[in-house]
Structures are given as C-alpha cells and as structure tokens.
Amino acid sequence: MNALLRPALYKACHQILIDGKPQSDSAKYLVTGQICENADIHLRERNFPEPEAGDIAVICDAGAYGRVMSSNYNNRSGSAEVLVSGKSYRKIHNRETIEDIFRNVPDF
C-alpha cells in the first residue's frame with residue numbers, strides 16, 4: 001500500500017517477473033506487499049515462476065504512479081526506482097532512509 005497503491009485502490013494489475021526466470025505456469029501464487037494489509041495484494045491466484053530466496057521481483061508498468069502515489073505509511077521507506085528502456089536501465093531514485101522519512105517532521 002505504501003509503495004504501489006493502485007492495486008489496493010482500484011485492483012490495478014501489474015505484470016510481475018522474477019529477474020532471470022522465464023514466465024511459467026508452475027503454480028498459482030498470491031503476491032502481497034511489504035506489510036500485507038487486507039488490500040495490499042498484487043497477484044491473486046495467478047501463474048508465476050517458482051520463487052526462491054534471493055530472487056528479485058520486478059513489478060512492470062508502474063509508471064509515475066508508483067512514486068507519485070507512494071507514502072510513508074507505517075513508517076515504511078520509499079523504494080528505489082529503476083527506469084528501464086529496451087535493454088538499458090538506470091536508477092532514478094534511491095531507497096529512502098529512516099532519516100529521510102523524519103527529515104521534514106516538525107518539532108513540537
């Protein structure tokens with residue numbers, strides 16, 4: 001919910017790939033977000049390659065909505081972002097630190 005709100009808001013679906021693994025119909029999975037709130041679900045009962053510890057999941061076609069609609073809900077830091085164009089890619093935002101989250105909080 002904090003990094004990619006669209007699935008929770010309007011059940012938007014994004015293709016999810018496991019880096020380096022071909023798409024397969026090995027099994028059906030439920031893929032949730034970091035906190036796993038009730039609405040924090042990205043895939044429900046969809047075929048997906050068999051994940052293993054250390055695999056990197058790539059959420060495709062998030063576009064500007066990922067960063068623009070993100071929040072620090074439950075003090076979760078904003079994710080890093082990578083822009084992919086064809087075979088080239090580059091990091092366009094670093095992951096936020098806890099210091100970044102609290103930087104603009106007013107003193108009371």
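Modeller: Start with a cut-off: exposed means over 50% relative accessible area, buried means under 20%, and partly exposed lies in between. Bear in mind that this is a predicted model.

Colleague: Why is Glu52 called exposed?

Modeller: Its relative accessible area is 52%. The cut-off is over 50%, so Glu52 counts as exposed.

Colleague: What makes Lys21 partly exposed?

Modeller: Lys21 has 23% relative accessibility. That value lies between the 20% and 50% limits, so Lys21 is partly exposed.

Colleague: How do you know that Lys21 forms a salt bridge with Glu52?

Modeller: The closest N and O atoms are 3.5 Å apart. The rule asks for a Lys or Arg nitrogen within 4 Å of an Asp or Glu carboxyl oxygen, so the pair qualifies. Lys21 sits in the loop between strands E1 and E2, and Glu52 in the loop between E3 and E4, so the bridge ties together parts 31 residues apart in sequence.

Colleague: What makes Lys21 and Asp55 a salt bridge?

Modeller: Their closest N and O atoms are 2.9 Å apart. The limit is 4 Å, so this pair passes.

Colleague: Why is the pair Arg103 and Asp100 called a salt bridge?

Modeller: The closest N and O atoms are 2.7 Å apart, within 4 Å, so the label holds. Arg103 is exposed at 56%, while Asp100 is partly exposed at 27%. Elsewhere, shared partners join Lys21, Glu52 and Asp55 into one network.

Colleague: Why does Tyr89 count as exposed?

Modeller: Its relative accessibility is 65%, over the 50% cut-off, so Tyr89 is exposed.

Technical notes: Residues are numbered from 1 along each chain as its sequence is written. This is a predicted model: local features need pLDDT of at least 70, side-chain atom pairs count only at pLDDT 80 or more; totals for chains, interfaces and linings use all residues. Side-chain values use heavy atoms; hydrogens and water are left out. Buried means under 20% relative accessible area, exposed over 50%, partly exposed in between (1.4 Å probe, protein chains only). A salt bridge is a side-chain nitrogen of Lys or Arg within 4 Å of a carboxyl oxygen of Asp or Glu. Helices (H or I, at least four residues) and strands (E, at least two) are DSSP runs, numbered from the N terminus.
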